[in-house]
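Hi,

Here is the structure I promised to pass on. Have a look at it first, and then read my notes below.

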Amino acid sequence: MKLSQALMLAALLSTPLLATAHQHDTGTLHIDAPWSREMPPTAPTAAVYFTVKNTGDNADRLLSVETPAAGKAELHEHLHKDGLMKMQQVPSVVIPAKGEVAFAPMGYHVMLFNLPRPMTSGEHFPLTLNFEQAGKVQLEVPVLREAPGNQNRTMHHQGH
Ligand SMILES: [Cu+2]
């Protein structure tokens, strides 16, 4: 990343809107650092990442996701199969009591399909998470060129 891009990103991340959108709290669930990777204009899909931390004494489950930014949103996981990395839809993701689940590249992610138009870095879009116990949690997801906190590392091309 060029210095100018790094400065732009720093300015972007320090805007009040994104600062307030940084952490989402339902009492026992804390959703942190949502982001989506900018995709080539021809890509009809995108992935969303975030971390869910459960400070409660009971497990919760992420059942589904919704966004007006895509025709369809699914919960996905990556897995090694026959020496290949594949991804597949999962019906739900358990958030253990006193535990945390990272949605991150090469792991769990939210997959967006049928994007009406490509999303470019600097944009953001709403995403609603439906939890079994905590109910709906709305996030504002910024579109970034690479993982937050990853600006000083070489960019790796990893699936989506
Ligand atoms: Cu996927």
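**What turned up**

Glu132 counts as partly exposed, with 40% relative accessibility. Keep in mind that this is a predicted model. Glu132 forms a salt bridge with Arg61, and their closest N and O atoms are 2.6 Å apart. Glu132 sits in the loop between β10 (124-131) and β11 (135-144), while Arg61 belongs to strand β4 (residues 60-66), so this pair ties together parts that are 71 residues apart in sequence. Arg61 is partly exposed as well, at 30% relative accessibility.

There is another link between β11 and β4. Here the side chains of Lys136 and Glu66 meet in a salt bridge, at 3.5 Å from N to O. Lys136 is exposed, with a relative accessible area of 57%, whereas Glu66 is partly exposed at 40%.

One more pair to look up is Arg117 with Glu123, a salt bridge whose closest N and O atoms are 2.6 Å apart. Arg117 has a relative accessible area of 49% and Glu123 one of 21%, and because buried means under 20% and exposed over 50%, both count as partly exposed. Searching the whole structure gives 6 salt bridges.

Now for the metal. Which residues coordinate the copper ion? They are His76 through ND1, Met87 through SD, His109 through NE2 and Met111 through SD, at 2.1 to 2.3 Å. The angles subtended by the 4 donor atoms run from 102 to 118°, which makes the arrangement tetrahedral. For comparison, the ideal angle for four tetrahedral donors is 109.5 degrees. If you want to find the donor residues in the sequence, their spacing is H-x10-M-x21-H-x1-M. His109 and Met111 are both buried.

The search of the whole structure found 1 cavity of 30 Å³ or more, and the largest cavity holds about 60 Å³. Its lining has 8 nonpolar, 2 polar and 1 charged residues. Among the lining residues of the largest cavity are Met39, Pro40, Leu115, Pro118, Met119 and Val143. Ser36, Arg37 and Thr45 also line the largest cavity.

Cheers

Notes:
Residues are numbered from 1 along each chain as its sequence is written. This is a predicted model: local features need pLDDT of at least 70, side-chain atom pairs count only at pLDDT 80 or more; totals for chains, interfaces and linings use all residues. Side-chain values use heavy atoms; hydrogens and water are left out. Donors are N, O and S atoms within 2.8 Å of the metal (3.2 Å for Na, K and Ca); water is not among the atoms, so sites may look incomplete. Four donors count as tetrahedral if all angles lie between 85 and 135 degrees; four count as square planar and six as octahedral if opposite donors are over 155 degrees apart and all others between 65 and 115; anything else is irregular. Buried means under 20% relative accessible area, exposed over 50%, partly exposed in between (1.4 Å probe, protein chains only). On a 1 Å grid over the protein atoms alone, a cavity is a set of points where a 1.4 Å probe fits but cannot get out, and a pocket is an open set with protein on both sides within 12 Å along at least five of seven lines; lining residues have an atom within 4 Å of a point. Grid points are joined across faces, edges and corners, and a volume is the space filled by probe spheres set on the points. Ala, Val, Leu, Ile, Met, Phe, Trp, Tyr, Cys and Pro count as nonpolar, Asp, Glu, Lys and Arg as charged, and the others, Gly among them, as polar. A salt bridge is a side-chain nitrogen of Lys or Arg within 4 Å of a carboxyl oxygen of Asp or Glu. Helices (H or I, at least four residues) and strands (E, at least two) are DSSP runs, numbered from the N terminus.
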